[in-house]
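This report goes through a set of disulfides and strand pairings. The sequence and structure come first.

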Amino acid sequence: VAGLTGATALTTGAAYSCALIDGGTVQCWGNNGYGQLGDGSDTDSNVPVDVAGLTGATAVTAGGFHACALTDSSTVRCWGLNSGGGLGDGTTTGSNVPVDVQGLTGATAVTAGDAYSCVLIEDGAAKCWGRNNHGQLGDGTNTDSSVPVDVAGLTGATALAAVDLHACAVTEDGTVKCWGYNGVGQLGDGTTTNSNVPVDVQGIP
């Protein structure tokens with residue numbers, strides 16, 4: 001990747017990529033039709049560009065057409081497409097520069113799916129925001145939210161992953177719970193029924 005140095009982590013979205021840079025900045029490259037490169041423009045770039053005004057980043061995640069960064073103050077900033085509220089700033093207006101996720105503190109990890117995002121909270125809970133048509137926010141509804149909502153009944157979570165239309169969490173007892181779209185059994189609960197709350201993945205000791 002041209003001119004990229006000091007990278008410590010990497011994430012890829014739909015036709016674009018971002019790297020966390022030593023020192024707490026982020027650089028992205030590729031498709032930028034929705035501002036997902038975060039450089040203040042909507043112009044594609046075939047070399048890395050700086051995410052505008054982002055400092056203190058400790059992790060970065062790319063969803064379909066939006067990206068988010070965890071900061072050293074345990075908050076999250078997102079940029080790009082905001083369909084369904086996936087940027088978490090209380091609006092559905094896209095942004096080609098980072099915006100603050102509202103009301104979020106104590107975040108320890110961040111992950112992004114297709115038009116939604118989720119964070120792990122330091123007490124072992126999780127919160128999600130954005131598109132929720134298949135229950136991928138895990139809050140017991142199928143209603144989109146432009147601000148974080150609690151994943152219902154999830155405690156003791158130690159890791160979190162979101163992709164496309166479903167998300168999963170590892171818990172402190174070594175089990176896995178998933179929620180969202182389940183059309184081909186990706187929730188692992190022995191069914192193909194969607195769930196808007198976490199369900200146990202079967203057979204993991």
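This is a predicted model: local features need pLDDT of at least 70, side-chain atom pairs count only at pLDDT 80 or more; totals for chains, interfaces and linings use all residues.

With a disulfide taken as two cysteine sulfur atoms within 2.5 Å, the count comes to four. Counting the bonded cysteines along the protein chain, the pattern reads 1-2, 3-4, 5-6, 7-8. Three of these links are described next, under the residues that form them.

## C18 and C28

The sulfur atoms of C18 and C28 are 2.1 Å apart, and the two residues form a disulfide. The link is right-handed, with 105° about the S-S bond. C18 belongs to strand 2 (residues 16-21) and C28 to strand 3 (residues 25-30); the two cysteines are ten residues apart, and the pair links distant parts of the chain.

Are these cysteines buried or exposed? The cut-off for buried is under 20% relative accessible area. C18 has a value of 0% and is therefore buried. C28 is also at 0%, so C28 is buried.

## C68 and C78

A disulfide joins C68 to C78, with an S to S distance of 2.1 Å. The torsion about its S-S bond is about 105°, so this disulfide is right-handed. C68 sits in strand 6 (residues 66-71) and C78 in strand 7 (residues 76-80), ten residues apart, and the pair links distant parts of the chain.

C68 has a relative accessibility of 0% and therefore counts as buried. C78 is buried, with a relative accessible area of 0%.

## C168 and C178

C168 and C178 form a disulfide with their sulfur atoms 2.0 Å apart. Because the torsion about the S-S bond is about 105°, the disulfide is right-handed. C168 lies in strand 14 (residues 166-171) and C178 in strand 15 (residues 176-180), so the pair ties together parts that are ten residues apart in sequence.

The relative accessibility of C168 is 17%, so C168 counts as buried. C178 counts as buried at 2%.

Four strands make up an open sheet with antiparallel pairing, in the order 1-2-3-4. Which strands stand at the edges? Strand 1 (7-12) and strand 4 (45-50) do; each has a single partner strand, so one side of each is left without a neighbour in the sheet. Direction ignored, neighbouring strands of this sheet are turned by 20° against each other on average.

Strand 1 and strand 2 run antiparallel and are joined by five bridges. L10 has A19 in strand 2 as its bridge partner.

How many residues of strand 10 (residues 116-121) are buried? Six of its six residues are, and the strand is mostly covered. In a regular strand, side chains alternate between the two faces of the sheet. Here both faces are covered: Y116, C118 and L120 are buried on one side, and S117, V119 and I121 on the other.

Strand 9 (residues 107-112) runs antiparallel to strand 10 and is joined to it by five bridges. A107 stands opposite I121 in strand 10. The hairpin of strand 9 and strand 10 has three residues between the strands, and A115 takes a positive phi near 70°.

Five bridges also join strand 10 to strand 11 (residues 126-130), again antiparallel. The bridge partner of S117 in strand 11 is W129. Strand 10 and strand 11 form a hairpin with four residues between them, and G124 in the turn has a positive phi of about 90°.

Note on methods: Residues are numbered from 1 along each chain as its sequence is written. Side-chain values use heavy atoms; hydrogens and water are left out. Buried means under 20% relative accessible area, exposed over 50%, partly exposed in between (1.4 Å probe, protein chains only). Two strands pair if DSSP finds at least two bridges between them. Axes are lines fitted to C-alpha atoms, for helices over the stretch in contact, and angles run from 0 to 180 degrees between N-to-C directions.
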